[in-house]
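The sequence and structure come first.

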Amino acid sequence: MVQTAPSFFFSAALVALAYLIGSIPFAVVVSKLMGLKDPRSYGSKNPGATNVLRSGSKAAAALTLVGDAAKGWFALWLAQALAPGLTWNAFAMVALAAFLGHLYPVFLGFRGGKGVATALGILLAIHPGLALATAATWVIVAVFTRYSSLAALVAAFFAPVYYLFGSGVAWYAQAPIGVALGVITILLFYRHRANIARLMAGTESRIGSRKKA
């Protein structure tokens, strides 16, 4: 049975819902539930897993990582579940909305994280192999350099490449998805502009280090 594409207004509602899901600040929620300081008050002041790790709680950082990734995956899964006939254009917009929700969350005054984990969740929803290849790239760079930001930048750069040229990707060469991944990569680089400057200056903090507020 051929699925009918949802109406423009229903698609717009799914995009708005994806943004709200992406806006859930797991770094702040997890830290509060575990009795830790607000991650916006120390380190890089970034509400993300890497900064939560600076609190000394690996469990809190892990939960934040899983939560941020899960919301990216869930936003796309929910859109498909509610609208099986969702067009590629609308699907791409849902992905971007979830990502923008993390970067500019309405619940935190539009000051969010850098989007690495949420981007990974989005890649997982697109295809598990794509997420695995990108995550492997992050791990390899992070292990050898201990720079989370550099690992994120390298992985973000290769994600669209893996999508466009990797074999076995189920939704290969869907232009809207490729464009969405390209925009996500650009936004990730933009959000890491301060990290790029510190990397070039040799002052970027490494994974596991504690940064003074």
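UniProt positions are given in the numbering used here, with shortened feature names, and the annotations may be inferred rather than shown by experiment. Residues are numbered from 1 along each chain as its sequence is written. The model is predicted, so local features need pLDDT of at least 70 and side-chain atom pairs pLDDT 80 or more, while totals for chains, interfaces and linings use all residues; side-chain values use heavy atoms, without hydrogens and water.

Under "transmembrane region", the unreviewed UniProt entry lists residues 6-30, 86-104, 116-140, 147-165 and 171-190. Two of these spans are tabulated below; helices (H or I, at least four residues) and strands (E, at least two) are DSSP runs numbered from the N terminus.

Lys 71 belongs to helix α4 (residues 58-82). Lys 71 counts as buried because its relative accessible area is 4%, the cut-offs being under 20% for buried, over 50% for exposed and partly exposed in between, with a 1.4 Å probe and protein chains only. Its side chain reaches the backbone oxygen of Ile 24 at 2.6 Å. The side chains of Lys 71 and His 102 form a polar contact of 2.9 Å (a pair of N or O atoms within 3.5 Å; within protein, one must be able to donate a hydrogen and the other to accept it, and residues adjacent in sequence count only if both atoms are side-chain atoms).

Pro 160 sits in helix α8 (residues 148-165) and is buried at 13% relative accessibility. Beyond neighbours within four places in sequence, Pro 160 contacts Leu 181, Gly 182 and Thr 185, where contact means heavy atoms within 4.5 Å.
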